[in-house]
Amino acid sequence: MPWEDVTQAWHSIAECLAREFRHLDAAALRRFRGDREKLVTYIADAHDLTLAEAAETLEDWLTIHGRRILAGVLETV
């Protein structure tokens, strides 16, 4: 999923990430405003992962859930 799509739907993505990843805080995610580096670092720190593992986890999650979330956002616009 292109990162530009993620940033355009950041509020919805952040809310879904907070629900899916139990150690992430939705308010903290919203403050990142789509900053990929901060997000990967936060996921790594919160879930005791390396940065590479966190980046891969995020990519996997976006591949599975991102398009569905984006489609939901676009349907409400």
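Which residues gather in a patch of negative charge on the surface? Keep that in mind as you look at this predicted model: the answer is Asp48, Glu53, Glu56 and Asp60. Take Asp48 from that group. You'll find Asp48 in the loop between helix H4 (36-47) and helix H5 (51-76), and with a relative accessible area of 71%, Asp48 is exposed.

Now step back to the whole chain. There are five helices and zero strands, so reading along the sequence gives you the pattern α-α-α-α-α. The radius of gyration is 12 Å, close to the 11 Å that the globule rule gives for 77 residues, so the chain is as compact as a globular protein of that length. Of the 77 residues, 40% are buried.

Side chains of opposite charge can pair when their charged atoms come close. This structure holds two salt bridges.

One joins Arg30 and Glu15, with the closest N and O atoms 2.4 Å apart. Arg30 sits in helix H3 (residues 26-32) and Glu15 in helix H2 (residues 10-20), so this pair ties together parts that are 15 residues apart in sequence. Arg30 is partly exposed at 33% relative accessibility, and Glu15 is partly exposed too, at 23%.

The other pairs Arg36 with Glu59, and here the closest N and O atoms are 1.8 Å apart. Arg36 belongs to helix H4 and Glu59 to helix H5, so the parts tied together are 23 residues apart in sequence. Arg36 counts as partly exposed at 30% relative accessibility, and Glu59 does as well at 26%.

Terms used. Residues numbered from 1 in each chain as written. Predicted model: local features only at pLDDT ≥ 70, side-chain atom pairs only at ≥ 80, totals over all residues. Heavy atoms only, no water. Patch = residues over 30% accessible without salt bridge, like charges linked within 9 Å, V, L, I, M, F, W, Y side chains within 5 Å. Areas by Shrake-Rupley, 256 points an atom, 1.4 Å probe, with all protein chains shown as cover. Salt bridge = Lys/Arg side-chain N within 4 Å of Asp/Glu carboxyl O. Lys, Arg positive; Asp, Glu negative; His and termini not counted. Charge placed at Lys NZ, Arg CZ, Asp CG, Glu CD. Helix = DSSP H or I, 4+ residues; strand = E, 2+ residues; numbered from the N terminus. Buried < 20%, exposed > 50% of the residue type's maximum accessible area, 1.4 Å probe, protein only. Rg over C-alpha atoms; globule rule 2.2 N^0.38 Å.
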